[in-house]
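Please load the model in a viewer and keep the sequence panel open.

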Amino acid sequence: STAPLLPHTSDPYTRPIDFVPTKTPYDPRHMLAGATLPDGSFVSGFFDKDSFKEYLGGWGKSVVAGRARLGGINVGVIAVETRLMEQRIPADPGNPESRES
């Protein structure tokens with residue numbers, strides 16, 4: 001038997017991905033879904049345009065979870081949000097002058 005036909009999508013799976021990660025912190029949603037720049041141009045992300053839907057946004061602040069389409073195929077995605085990392089240095093119990101920072 002033959003594979004079922006996929007629904008028509010405007011984003012073929014062979015298209016180039018325009019988003020390029022930087023060494024500075026960035027929003028992983030831009031990598032997944034693409035982003036519109038201030039000049040109005042669109043930078044494509046990993047998944048088909050306008051297909052990414054985030055779920056459980058308030059559940060884990062360091063995780064981005066959702067569903068999207070890749071070349072018309074439904075997929076689930078989990079990405080790590082690194083912009084929210086917070087470093088907390090506990091006070092040294094052996095030093096009375098030490099404070100949590």
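This is a predicted model: local features need pLDDT of at least 70, side-chain atom pairs count only at pLDDT 80 or more; totals for chains, interfaces and linings use all residues.

Select Asn74 and display its surroundings: apart from neighbours within four places in sequence, Asn74 is in contact with Ala68 and Arg69, a contact being heavy atoms within 4.5 Å. Asn74 belongs to strand β5, where strands (E, at least two residues) and helices (H or I, at least four) are DSSP runs numbered from the N terminus. With a relative accessible area of 64%, Asn74 is exposed; the classes are buried under 20%, exposed over 50% and partly exposed in between, with a 1.4 Å probe and protein chains only.

Residues are numbered from 1 along each chain as its sequence is written, and side-chain values use heavy atoms, with hydrogens and water left out.

Next, select β4 and β5 together. These strands pair in the antiparallel sense over eight bridges; pairing requires at least two DSSP bridges between two strands. Val63 can be found opposite Val80 in β5. At the turn of this hairpin, two residues lie between the strands, and Gly71 has a positive phi near 65°.

Which residues make up the largest nonpolar core? Select Leu32, Phe47, Phe52, Val64, Ala68, Val77 and Ala79, the seven residues that form it. The term denotes a set of buried Ala, Val, Leu, Ile, Met, Phe, Trp, Tyr and Cys residues joined through side-chain atoms within 4.5 Å. At least two residues of this core come from each of β4 (63-70) and β5 (73-80). In soluble globular proteins, nonpolar side chains tend to be buried together. Centre the view on Val64: beyond its neighbours within four places in sequence, Val64 is in contact with Pro28, Arg29, Leu32, Phe52, Glu54, Val77, Ile78, Ala79 and Glu81.

Now display the aromatic rings. The whole structure holds two aromatic pairs, for which ring centres of Phe, Tyr or Trp (its six-membered ring) must lie within 6.5 Å; planes under 30 degrees apart count as stacked, over 60 as edge-to-face and the rest as tilted. Phe19 and Tyr26 form a tilted pair, because their planes stand at 55°, with the centres 5.5 Å apart. Phe19 is buried at 17% relative accessible area, whereas Tyr26 is partly exposed at 26%. Move to Phe46 and Phe47, an edge-to-face pair with 5.0 Å between centres and 85° between planes. Here Phe46 is partly exposed, at 39% relative accessibility, and Phe47 is buried, at 5%.

Two further selections show a charge over a ring, defined by NZ of Lys or CZ of Arg within 6 Å of the ring centre and within 35 degrees of the ring normal. The charged end of Lys49 sits over the ring of Phe42, 4.5 Å from the centre. Arg67 lies over the face of Tyr55, 5.7 Å from the ring centre.

Finally, select the whole protein and colour it by secondary structure. One helix and five strands are present, in the order α-β-β-β-β-β from the N terminus. Of the 101 residues, 27% are buried.
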